[in-house]
Amino acid sequence: MRAFPNLEQCSTLLRIGPHLLANPVLLAPMAGLTDAAFRKIALDFGAGYAVCEMVNGKSDLWLTDKSRLRRQRAEGERVNARQIAGGDPSIMAEVARRLESDGADVIDINFGCPVKKVCRKAAGSALMRQPELIGRIVDAVVNGVSVPVTVKMRTGWAPDERNAVEVALIAEQAGARALVVHGRTRACRFTGDAEYATVAEVKRQLQIPVIANGDIDTRAKARWVMDTTGVDGVMIGRAALGAPWLPGCVAGRPEPNLRTKWGTVFNHLESIYTLYGIDQGVKIARKHVRAYLVNLGFTGAEARLFNQLTRIKEQQAYLGHLAA
Ligand SMILES: Cc1cc2nc3c(=O)[nH]c(=O)nc-3n(C[C@H](O)[C@H](O)[C@H](O)COP(=O)(O)O)c2cc1C
């Protein structure tokens, strides 16, 4: 087993195509949450890289406001990675081309999403059962764009159908430049503990960078996962909600003090209101504030009260009261 690298010193180890990442601790894409506002904060706090929320790989959905917001580059974002999901190789290639001409630096293909709406359309993790189609999708997208293409997947469809190594080799062969593996099968959804033995096997078999994902929530856990699997990086999802500083801290930055954390909450809300406008912004703020309040040691009661507030001024005043 290799010696565990110091997370701050191993930046040369993780490259996605021509892009050298600041460090190997990545923020996971989370639809409805990791928008340009959230990614900017996480990157400012030291996350090595962040992927936009998934956009539907259907060409007719390209022009919706939702799609536009989901693919928006965060202020100061050096590498803008945009994610697509879908099951038709030629449509996926077309959407990828549009994303590239619209400024994407990396195209990420999602073969990990377990959501029914996505799986029913033979996309996301449903495709783990069709490795040959995965190969055709990756091949079509790689040949359709000049930017690097990456893949995010699960370990298989179900615990007795773990085919991550087969799928990963197919994706690599088709030209993927890096691979993220969430250590759960589709059937596991988000339950049980993430399993890293399959991730380690994928890493052993592949030449391209492999990034482990699932249940990584502390620096110690990240160290352990990197050490035991040999992966090139880790990706953090849920643990960064209400704690956008976490990827940076895992990479070696000091934990911000309480004052800075509260400042982050207020800045984040300002960005949300600007990005989405008043009506939608007030609603989106609730999802993040619930997570921030848990992180700051409050109980559900404060979040429930916050959820009843319908105006920006009320939301700000209530948080000002909690912060005082
Ligand atoms: C609310 C939510 C939305 C998500 N949206 C996406 C998505 O758009 N694309 C994707 O590849 N994964 C998505 N994921 C999965 C995460 O990227 C990640 O793989 C998963 O949460 C496991 O990592 P974690 O244990 O660090 O959270 C989502 C997860 C959550 C909880």
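Trainee: Why is Ala 171 called buried?

Mentor: This is a predicted model, and the call rests on a count. Ala 171 has 28 other C-beta atoms within 10 Å. The cut-off for buried is 20 or more. The count of 28 meets that cut-off, so Ala 171 is buried.

Trainee: Where is Ala 171 found, and what is Ala 171 in contact with?

Mentor: Ala 171 is found in helix α6. Leaving aside neighbours within four places in sequence, Ala 171 is in contact with Ile 134, Val 138, Val 151, Ala 176 and Leu 179.

Trainee: Why does Ile 170 count as buried?

Mentor: Ile 170 has 20 C-beta neighbours inside 10 Å. The rule asks for 20 or more.

Trainee: Which residues does Ile 170 touch?

Mentor: Ile 170 touches Pro 131, Ile 134 and Gly 135, not counting residues up to four places away in sequence.

Trainee: What is the span of helix α5, and what span is expected?

Mentor: Helix α5 covers residues 131–144, which is 14 residues. From first C-alpha to last, α5 reaches 20 Å. At 1.5 Å a residue, 20 Å is expected. The span is close to that expectation.

Trainee: Which residues of α5 are buried, and what covers them?

Mentor: The buried ones are Ile 134, Ile 137, Val 138, Ala 140, Val 141 and Val 142. Their cover includes α3 (89–101), β6 (106–111), β7 (149–156) and α6 (164–173).

Trainee: How do α6 and α7 pack?

Mentor: The angle between α6 and helix α7 (residues 197–205) is about 35 degrees, and their axes are 9 Å apart. From α6, the contact uses Ala 164, Val 165, Ala 168 and Leu 169. From α7, Thr 198, Glu 201, Val 202 and Gln 205 take part.

Trainee: What classes of residue make the contact of α6 with α7?

Mentor: Five are nonpolar, two are polar and one is charged. Glu counts as charged, so Glu 201 is the charged one.

Trainee: What is the hand of the crossing of α6 and α7?

Mentor: The crossing is right-handed.

Trainee: How many residues surround the ligand, and what classes are in the shell?

Mentor: The ligand is surrounded by 21 residues. The closest are Ala 28, Ala 31, Met 54, Gly 237 and Arg 238. The shell has ten nonpolar, seven polar and four charged residues.

Definitions and conventions:
Residues numbered from 1 in each chain as written. Predicted model: local features only at pLDDT ≥ 70, side-chain atom pairs only at ≥ 80, totals over all residues. Near = placed C-beta within 6 Å. Helix = DSSP H or I, 4+ residues; strand = E, 2+ residues; numbered from the N terminus. Expected span 1.5 Å × (residues − 1). Buried ≥ 20, exposed ≤ 12 C-beta atoms within 10 Å, placed from the backbone. Contact = placed C-beta atoms within 7 Å. Axes fitted to C-alpha atoms, helices over the stretch in contact; angles between N-to-C directions. Left-handed = near helix turned anticlockwise from the far one by under 90°.
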